[in-house]
Amino acid sequence: MKGYKASKTASKVSVAKTGDKYLLIKKNYDPDTGAELDDSTTEYFIESITGRISSLDAQITALTAEKADYEQLKTDFEAL
């Protein structure tokens with residue numbers, strides 16, 4: 001989840017476990033007044049989180065390889 005670490009540090013999110021359910025609890029505020037609203041709760045499955053991590057790892061690997069290709073191309077052009 002993008003921004004999770006910062007939100008956790010700012011105490012804007014928390015996690016809980018109920019039985020076999022993992023929950024992300026997010027604080028909500030009225031954008032006009034800043035008044036605290038009811039929290040929102042989203043259920044997550046560890047398998048889904050693990051899959052997302054694997055997907056991100058694959059993207060990082062692919063982007064790192066693509067970056068290396070571009071760096072090599074730039075080096076070759078600059079050598080001309």
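1. K67 and E71 both belong to helix α2, four residues apart, which is about one turn of the helix; helices are DSSP runs of H or I of at least four residues, strands are runs of E of at least two, and both are numbered from the N terminus. Their side chains meet in a salt bridge at 3.4 Å, N to O. A salt bridge here requires a side-chain nitrogen of Lys or Arg within 4 Å of a carboxyl oxygen of Asp or Glu. K67 counts as exposed at 52% relative accessibility, whereas E71 is partly exposed at 42%. The classes are buried (under 20% relative accessible area), exposed (over 50%) and partly exposed in between, with a 1.4 Å probe and protein chains only.

2. The model is predicted: local features need pLDDT of at least 70, side-chain atom pairs count only at pLDDT 80 or more, and totals for chains, interfaces and linings use all residues. Residues are numbered from 1 along each chain as its sequence is written, and side-chain values use heavy atoms, leaving out hydrogens and water.

3. Helix α2 also holds K74 and E78, four residues apart, about one turn of the helix. These two form a salt bridge, with the closest N and O atoms 3.9 Å apart. K74 is exposed at 52% relative accessible area, and E78 is exposed at 56%.

4. How many salt bridges does a search of the whole structure find? The search finds three. One of them joins K27 to E36, with the closest N and O atoms 3.9 Å apart. K27 is found in strand β2 (residues 21–29) and is partly exposed at 31%, while E36 is exposed at 52%. Beyond its neighbours within four places in sequence, K27 is in contact (heavy atoms within 4.5 Å) with S11, K12, E36 and D39.

5. Helix α2 (residues 46–78) supplies the largest share, three residues.

6. Along the sequence the pattern is α-β-β-β-α. Buried residues make up 6% of the 80 residues.
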